[in-house]
Amino acid sequence: MAPLLLVPPLRRYCGWAGSWRGQVGRRRSGRTPARIADLTTLALEGQATGDRAFDALGSVARECAIPHKYIYDLIEGFALDASGWHPRTEQDLLKYCYHVAGAVGCMMAIIMGVDPDDEATLERAADLGKAFQLANIARDISEDDAAGRLLHS
């Protein structure tokens, strides 16, 4: 029932985000962060990519006037994950959290009606995204440690 209450762009964004994250998160997909960025650029330029997730991204970004910066910031987070990068300082950890969740917070705020030029509100949206990511990291410490993935120093 809850998805029916979402405004159409938000409902499309949530579907796109899940599909897109699924596509780019699969190592077997053969999509490197560079290829993801290329497909994203095509989609943001309004060109068909042949992939529904990327095409939906382009549609939502145009409809909601999402600054492309946030989308590419998220891709940078995918690149950090793909490279096996690990934060060494608190600042590194906050950078990672911004890229994988803070940028999403900004996009969600814009989709829900925040003006893309409202820097103060978007900073708070990024902070909320980073806080959620930090909570996820804390929740998953044992599991991540067992998998050899260290996101804290």
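Visitor: How many helices and how many strands does the chain have?
Guide: Bear in mind that we're looking at a predicted model. Reading from the N terminus, the elements go α-α-α-α-α-α-α-α. So that you have the tally: under the rule that helices are DSSP runs of at least four residues, the chain comes out at eight helices and zero strands.

Visitor: What share of the residues counts as buried?
Guide: The cut-off here is under 20% relative accessible area. The chain has 153 residues, and the part of them that passes as buried is 37%.

Visitor: Among contacts with a separation of 6 or more, what share comes from residues 24 or more positions apart?
Guide: A contact here takes heavy atoms within 4.5 Å. Take the contacts in the chain with a separation of 6 or more, and residues 24 or more positions apart account for 64%.

Visitor: How do the axes of α6 and α7 sit: parallel, antiparallel, perpendicular or oblique?
Guide: Helix α6 covers residues 90–111 and helix α7 covers residues 119–139. They pack with their axes 7 Å apart, at an angle of about 130°. Angles over 145 degrees would count as roughly antiparallel and 65 to 115 as roughly perpendicular, so α6 is, relative to α7, oblique.

Visitor: What is the handedness of the crossing of α3 and α4, left or right?
Guide: Their axes come within 8 Å and cross at roughly 50°, and α3 and α4 are therefore oblique to each other. I36, L39, T40, A43 and L44 of α3 meet F54, D55, L57, G58, A61 and R62 of α4. By class that gives two charged, two polar and seven nonpolar residues. As for the hand of this crossing, it is right-handed.

Visitor: Which element gives the most residues to the largest nonpolar core?
Guide: That core has 26 residues, and I66, Y70, I71, I75, M107 and L122 are those with the most contacts inside it. Two or more residues come from each of α3 (33–44), α4 (52–64), α5 (68–83), α6 and α7. The top giver, with seven residues, is α6.

Visitor: How many residues are in the other core that lies apart from it?
Guide: Nonpolar side chains tend to be buried together in soluble globular proteins. Here another core lies apart from the largest one, and its members include L80, L93, Y96 and C97. Its residue count is seven.

Visitor: What is the phi of A65, positive or negative?
Guide: Most residues other than glycine have a negative phi. A65 sits in the loop between α4 and α5, and at a relative accessible area of 45% A65 is partly exposed. A65 is not a glycine, yet its phi is positive, at about 55°.

Visitor: How far apart in space are H68 and M107, C-alpha to C-alpha?
Guide: H68 belongs to helix α5, and its 35% relative accessibility makes it partly exposed. Along the sequence H68 and M107 are 39 residues apart. In space, C-alpha to C-alpha, the distance between H68 and M107 is 9.6 Å.

Conventions. Residues are numbered from 1 along each chain as its sequence is written. This is a predicted model: local features need pLDDT of at least 70, side-chain atom pairs count only at pLDDT 80 or more; totals for chains, interfaces and linings use all residues. Side-chain values use heavy atoms; hydrogens and water are left out. Axes are lines fitted to C-alpha atoms, for helices over the stretch in contact, and angles run from 0 to 180 degrees between N-to-C directions. Angles under 35 degrees count as roughly parallel, over 145 as roughly antiparallel, 65 to 115 as roughly perpendicular and the rest as oblique. A nonpolar core is a set of buried Ala, Val, Leu, Ile, Met, Phe, Trp, Tyr and Cys residues joined through side-chain atoms within 4.5 Å. Buried means under 20% relative accessible area, exposed over 50%, partly exposed in between (1.4 Å probe, protein chains only). A crossing is left-handed if the near helix is turned anticlockwise from the far one by less than a right angle, and right-handed if clockwise. Ala, Val, Leu, Ile, Met, Phe, Trp, Tyr, Cys and Pro count as nonpolar, Asp, Glu, Lys and Arg as charged, and the others, Gly among them, as polar.
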